[in-house]
Amino acid sequence: MAAALLLSLVPARGQANLHILQKIGGSAQTHIMVDLSKAGENSFSYALLSDDLSSEGSFAYIQLFHEQKFWDSPLFLHAEWRSYGLDSHCLYLGASYDFFTPHGMIAVEPLLRNNSFFEGNHFPALKSDGFSAQLSIITGHDWGWCNLNSFTDIWTAPRDGSGAGWYSEAWLYFPVTDWLQLGGIGCFSSDFAAFTQLSVFLGVKFNM
C-alpha cells in the first residue's frame, strides 16, 4: 500500500531516485530507499520509502510531507507524516523558511510533533501527552561534481516518557553518468543521555 502511494506521487517534472547502500562496519545491513520530490511555484511535495535489511529482519520507514505558501516570502506551511517500522506513527505541523545559497538551499522548520498518531494501528488519534516541539534543518546543495543533502531533527521530550532526541543524516554523492551516482549516507542519532550511534553506508544512487 505504501509503495503504491509513493508510486502515485512520481512527478511528471519532478525527481525520483533509488538508493542501494551497504553499512560499513558492525553487523551487515543493506539500506534500500526510494525518494520522490516535486517542486511547484508555491509548493513542494516529498515522499520517501526505505527498508533496512539485516540478519535481525527488516525495518521500514515512510515519510510524506507537503509544503504550501500563498505569498511571495519563502515561508511555507508544512504538514508531514512519518511511519517507523509500520507500527509507530508521527504527525508534524508547522512552517518552513527557505534560505537560498549560490548552489542550493537551507530550510529551517519549527514543528509541533505528536508521536501518538495511529497508535496501535487504531483510528487516527492525537493524545495530549504525545505532543512535543521539534526543530528540523534541511539542506540541499549541488556543485556539479558532487551533491550534498542533509537532514537534522532535534525534538523535546513529550509527557509520555518517550524522551528527547537528535537524528541527522548526510547524503553525499558523486555523479558518474546522467543516471548513476556513487557515494554514501552517514547517520547520527542520540537521546542526549546514554545512547549515541553513528552509522555509515556506501553505495549507489540511480536517478530515475
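**A first look at the model**

Colleague: Which element has the lowest mean pLDDT, and which the highest?
Modeller: This is a predicted model. Helix 1, residues 2-8, has the lowest mean pLDDT among the elements, at 47. Strand 9, residues 147-155, has the highest, at 98.

Colleague: And what is the mean pLDDT of the protein?
Modeller: The mean is 90, and 90% of the residues reach 70 or more.

Colleague: Thanks! On to the strands. How do strand 3 and strand 4 run?
Modeller: They run antiparallel, with 12 bridges joining strand 3 (residues 43-54) to strand 4 (residues 57-68). The link between the two is a hairpin through 2 residues.

Colleague: Which residue in strand 4 stands opposite Leu49?
Modeller: That's Ile62.

Colleague: How many bridges join strand 4 to strand 5?
Modeller: There are 8, and this pair is antiparallel. Strand 4 and strand 5 also form a hairpin, with 6 residues between them. Across this pair, Leu64 faces Trp81 of strand 5.

Colleague: Changing topic: which residues make the nonpolar surface patch?
Modeller: Phe70, Trp71, Leu75, Leu77, Tyr97 and Phe99 make it, and the patch covers about 590 Å².

Colleague: Which strands each supply at least two of its residues?
Modeller: Strand 5 (75-84) and strand 6 (88-101) do.

Colleague: Where is Tyr97 placed?
Modeller: Tyr97 is in strand 6.

Colleague: Why does Tyr97 count as partly exposed?
Modeller: Because its relative accessibility is 31%, and partly exposed is the range between the buried cut-off, under 20%, and the exposed one, over 50%.

Note on methods: Residues numbered from 1 in each chain as written. Predicted model: local features only at pLDDT ≥ 70, side-chain atom pairs only at ≥ 80, totals over all residues. Heavy atoms only, no water. pLDDT = per-residue confidence, 0-100. Helix = DSSP H or I, 4+ residues; strand = E, 2+ residues; numbered from the N terminus. Patch = residues over 30% accessible without salt bridge, like charges linked within 9 Å, V, L, I, M, F, W, Y side chains within 5 Å. Areas by Shrake-Rupley, 256 points an atom, 1.4 Å probe, with all protein chains shown as cover. Salt bridge = Lys/Arg side-chain N within 4 Å of Asp/Glu carboxyl O. Buried < 20%, exposed > 50% of the residue type's maximum accessible area, 1.4 Å probe, protein only. Pairing = 2+ DSSP bridges.
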